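Here is a friendly walk through a two-chain model, one topic at a time. Keep the viewer open and follow along as each part comes up.

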Amino acid sequence: MIHLQHIERMFMVGEEEVHALRDVSMRAEAGEYIAIMGPSGSGKSSLLNILGLLDRPDSGSYELDGTLVSGLDEKQQAAIRMHKIGFVFQFFHLVPRLSAFENVALPLILSGVKPDERQTRVTAALASFGLGNRARHRPDQLSGGQRQRVAIARATIMQPSVILADEPTGNLDRSSGIEVAEILEELNRQGMTLIMVTHDPEMGKRSRRQILMVDGRIQ
Amino acid sequence: MLAQDFLRYTVKSVSSQRLRSFLTATGIAVGIGAVVLLTSLGEGLQHFVLAEFTQFGTNLISVNPGKVTTHGISGALISNVRPLTIEDAQTLKNIPQIIDTVSVLQGNAAIESSGRQRRTTIYGVDASAARVWRFEIAAGRFLPNDPPRAARSFVVLGSKVRQELFGSSQALGARVRIGGELFRVIGSMESKGQLLGFDLDDSVYIPTSKAMALFNRDSLMEINLLHTAGSSSTSVAEQVKKVLIARHGSEDFSITTQEKMLEVLGGVLGTLTFAVGAIGGISLLVGGVGILTIMSIAVNERTGEIGLLRAMGVERSQILALFLGEAVVLAAIGGLAGLVLGVGGSWLFSLLIPALPAHTSWSYAAAAELLAVVVGLIAGVLPARRAAGQHPVEALRAE
């Protein structure tokens, strides 16, 4: 469960103040599938950054699964990111020198999971995303769709309660894009809350709820 | 994050940029190699010089006439110096810790035998000299233990003198003339080499009293004392001083313990070694700058990765540790390569110049490796801090 109340976020771009988020309030129940839409510069990404605890609002409160996370310190927020939130990016953000297996294992490595448990969990994850025979490949040996599937496997290996996807299909061809969307929707059906930023109306229509942002406000 | 995973992650980051890491580590390797090689040579020199000075034994004290003072008045102006005598030496022998004494008088004279002549250094010494100075006798024996004032006219030849005068023919028992006096050759010495430019083999040894007569002197140049290994040289020197003051009425002599001399010498050589090592340290500094440069580039290139790690819940301090770890791994690899270079170099050096053997001590090697790690740590701080200071949103946008 996500509950934002009166979130404000301002940036200084040079001399100019940019009001990225103006009095944004929203609720998302556990297991929801929401698309955040709107023109570029409307504050979609800023909202996603706040939801992902990558950025702090100037004011307002953020409650995640019953915890007031906007009041937590940096260390505690990092722990929340590690265990409760999975990120999927437009440009995948795979580590180029690591194999698909190692990329997926990264969150487990960082949280100190033992190697043999990692082995079973990552192998299972890769197999379920149809990447079983790609484990040893490095990102530059994979197609765009495969890369994004690796990235999704990595985002969900810690069993987060929320997946935040920023234009997950924006860098993919149509068929790979649909494939990736279907994977994300399947994860949503399994109970993970899915919040996706997109400006593709086709993708937006697939979600159960759309939030339209214009000029830093939810319409 | 488990320690072995941390190590694997940093090593993987370093090894993924093979050429770059190799070149950077080479910078450190050259630095460490230079430090190890130069300190090895310094250590070798120190060992070499100290060995030269201790070849006559270590528990030695020498007594010379005349007091070394800081007053700038020449001894010739107020000459109240009472010379050292054979009797002084005999008395000193009574001190319990003193094993033996040698009364020394040195001069130059011609020595001739069957038409061959050579000017050489003549040492007037006691029979005890062989023991006190650790002489090795090649043939015959050293001077006999005659009464000091009534010694027989025997001579022991240094190896070079023996070679020059007698060549391959028998020297033992032969009669030689030294400054016109007749002596009988009773023994010859093993070759001892040179010490500070003095050819120790180009000398002969005759009884002290004979030398005194030969050079027309009634006093000694020096008394050498050998004390027991267990006793402290300062306390023995103190007793010697007491005895001699009692005999002479005042302190008109100087006592030098070899321990003191070696201490001073060792100190000087140690400082030299350190200074030479510090010069090698300059190249290490350059290597450190190399690490700083390459880590700065790495942080720039991997901004996206930093953003990703932050998004996955890695804290600032862990980002700092990861990049510091990389710098240290680079430096440690370079350091190990440098150790190999330095040890190999000094081995080669001692092979080429056997007279000056390089000596690598393990403590120096360990210190050098530690130094490399410290250099890596220092060089890594700035880039790692920059990595840790990145805002995750900004960092993620970089790719």
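This is a predicted model: local features need pLDDT of at least 70, side-chain atom pairs count only at pLDDT 80 or more; totals for chains, interfaces and linings use all residues.

## The hairpin

Strands β1 (residues 2–13) and β2 (residues 16–28) of chain A pair in the antiparallel sense, and 9 bridges hold the record of that pairing. Within it, A:M10 has A:H19 of β2(A) as its bridge partner.

How many residues lie between β1(A) and β2(A) in their hairpin? There are 2, and A:G14 in the turn has a positive phi of about 65°.

A:H93 has a phi near 55°, which is positive although the residue is not glycine. You will find A:H93 in the loop that runs between β6 (85–88) and α3 of chain A. Is A:H93 buried or exposed? With 23 other C-beta atoms within 10 Å, A:H93 is buried.

A:E167 is likewise not a glycine, yet its phi is positive, at about 50°. The loop that holds A:E167 lies between β7 (162–166) and α6 (174–189) of chain A. A:E167 counts as buried, with 20 C-beta neighbours inside 10 Å; the cut-off for buried is 20 or more.

## Where the chains touch

The contact between the chains involves 21 residues of chain A and 18 residues of chain B. On the side of chain A that touches chain B, the elements giving two or more residues are α2 (74–84) and α3 (100–110) of chain A. Of these, α2(A) gives the most, with 6 residues. By residue type, that side of chain A divides into 12 nonpolar, 4 polar and 5 charged.

Helix α2(A) also has a buried side of its own, made up of A:Q77, A:A78 and A:R81. Why do these residues line one face of the helix? Seen down the axis of α2(A), the buried residues fall within an arc of 105°, so they line one face. They pack against β6 of chain A together with α9 (303–311) of chain B, which brings both chains into the picture.

## Chain B as a whole

Chain B contains 12 helices and 12 strands. Its radius of gyration is 33 Å, well over the 21 Å that the globule rule gives for 399 residues, so chain B is more spread out than a compact globule. The C-alpha trace of chain B spans about 100 × 50 × 40 Å along its principal axes.

Of the 399 residues in chain B, 42% are buried. Taking contacts in chain B between residues at least 6 apart in sequence, 83% join residues at least 24 apart.

## Helix α1 of chain B

For a check on helix geometry, take helix α1 (residues 3–16) of chain B. At 1.5 Å a residue, its 14 residues should span 20 Å, and the end C-alpha atoms are 20 Å apart, which agrees.

The buried residues of α1(B) are B:Y9, B:T10, B:S13 and B:V14. Viewed down the axis of α1(B), they fall within an arc of 130°, so they line one face of the helix. An α-helix has 3.6 residues a turn, so residues three or four places apart point the same way. What covers the buried residues of α1(B) includes α2 (18–54) and α10 (316–352) of chain B. On the face of α1(B) turned away from the buried side sit the exposed residues B:Q4 and B:L7.

Conventions: Residues are numbered from 1 along each chain as its sequence is written. Chains are lettered from A and ligands numbered from 1 in the order in which they are written. Helices (H or I, at least four residues) and strands (E, at least two) are DSSP runs, numbered from the N terminus. The expected span of a helix is 1.5 Å times one less than its number of residues. A residue is buried if 20 or more other C-beta atoms lie within 10 Å of its own, exposed if 12 or fewer, and partly exposed in between; C-beta atoms are placed from the backbone. The arc is that of the directions from the helix axis to the C-beta atoms. Two residues are in contact if their C-beta atoms, placed from the backbone, lie within 7 Å. Ala, Val, Leu, Ile, Met, Phe, Trp, Tyr, Cys and Pro count as nonpolar, Asp, Glu, Lys and Arg as charged, and the others, Gly among them, as polar. Two strands pair if DSSP finds at least two bridges between them. The radius of gyration is taken over C-alpha atoms; the globule rule is 2.2 Å times the number of residues to the power 0.38.
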